[in-house]
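Q: I've got a model open and would like to learn how to read its cavities and contacts. Can we walk through it together?

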Amino acid sequence: MTGPVRITGPLLDVLEVFLQALTDDRELHGWAILKATKRAGPTIYGVLDRLEDAGWIAGQWEDQPPKANTPRRRLYRLTPTGAVAARDLVAARRPASLGRLAQQPRPGPVVADWLQSLTGGAP
Amino acid sequence: VTRGEIALAIIFGLLVNEATDLCPWLAVRLVCWAARLRYLHASDHAAIRSEELAALVNDRPGKLFKLFTALGFVLHALTVQTAPRSVRRFSAGAIKFTTEHRADIVRIGSGVVAAAVAVAMVVGTTAQTVAGVVVGAAPVVVVGGVAAGVMARVASRRIVVRIIVGVVVGAVLGAMLGVVLGTVAGVVARAAPGAFSEAGSVAIVGAFAEAAPVALAGAFAGTMIGAGLAAVFRAESKIED
């Protein structure tokens, strides 16, 4: 499976981090992704560009910066479509890491549809 | 310690302190510029990334690290906007190959280092060999990379492959010859000190001690460049700009 995005090592690293964040019900900002993947900034933002263009992740500005007069972080989360595609891709390409993620409940069609209806995202 | 030296130390300390305090400010300016440069034809996207990268730099601990992070984004944006397509393809192919064959590269690299150390023990000093590898390998890699990028741009695939095969075979033969001659020269110089004059002995041993590892490093670099180009050709249809 190749999907709409070019599959690379950094892409898989980022998807693993996003899947973990999804199970923890967290949103991720750029620095958190950099720290988790231990990849260079330009590499990570290239991946984020591709995932955002493909509709696998969605970004939104944080409500309030942690301190006054500081720039806002942009928080990313997997879309319902992206969550399913990312889980399938990681399962196919990194079966070893699947063990960790497999312990988390997989969003089935009902959950995915429900999430989709909440977010109003395209299938 | 004179008064002038004390004053100089205080002034220098203040200057360093001010300079490091300027780093976060400069880093934010640099990432904003890098975002505008990177997304040159998408001003909305550039605006989003500017603020986002400013927040990223803000999150990054350490004043100097903030600056280094920003410089990384600037370098990337400059590369994306200015490097020729062929060079970017070559870089992407080389990175892909390196990622996929990391274990093999470590193995080959260890072999090259082990061979260089062995040659150093027989022929010359370790310092000579290390210097030879570093001084010799870096230009070989840089020149080879640029040459490969240019070749990929102007020549057909068949010609490029022939040239690479020629270079790699030549480098490997050169390395083998260097190792053999260096070993022989070292053994002769040690076993029969009178065989060469003192200056001649030093010159010969030194020359081969440097030549052999450099030739080995050249063979290694040539192989990597060839493999990188092969990866480019294989992945050409898959690699995005």
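Q: Which element gives the largest share of the lining of the largest cavity?

A: H2(B) does, with four residues; helices here are DSSP runs (H or I, at least four residues; strands are E, at least two), numbered from the N terminus. Before going on: this is a predicted model, where local features need pLDDT of at least 70 and side-chain atom pairs pLDDT 80 or more, while totals for chains, interfaces and linings use all residues. Residues count from 1 along each chain as written, chains are lettered from A and ligands numbered from 1 in written order, and side-chain values use heavy atoms, without hydrogens or water.

Q: How many cavities of 30 Å³ or more are there, and what lines the largest?

A: A cavity is a set of points on a 1 Å grid over the protein atoms alone where a 1.4 Å probe fits but cannot get out, and lining residues have an atom within 4 Å of a point. Points join across faces, edges and corners, and the volume is the space filled by probe spheres set on them. The search of the whole structure gives one cavity of 30 Å³ or more, and the largest cavity holds about 40 Å³. Its lining draws on both chains, including A:Trp31, A:Tyr45, B:Glu52 and B:Asp59. Helix H2 (30–37) of chain A and helix H2 (43–59) of chain B each give at least two lining residues.

Q: How much area do chain B and chain A bury between them?

A: Buried area is the accessible area (1.4 Å probe) two parts lose on being put together, summed over both. Here that's about 1,800 Å², 58% of it on carbon and sulfur atoms. On the chain B side, B:Glu51, B:Glu52 and B:Asp59 lose the most, together 28% of what that side buries. The contact (heavy atoms within 4.5 Å) involves 21 residues from chain B and 19 from chain A.

Q: How many salt bridges cross the interface of chain B and chain A?

A: Side chains of opposite charge can pair when their charged atoms come close. The rule wants a side-chain nitrogen of Lys or Arg within 4 Å of a carboxyl oxygen of Asp or Glu, and it finds four across this interface. One salt bridge joins A:Asp49 and B:Arg49, with the closest N and O atoms 2.5 Å apart.

Key
1 Å grid on protein atoms, 1.4 Å probe; cavity = no way out; pocket = protein on both sides within 12 Å on 5 of 7 lines; lining within 4 Å.
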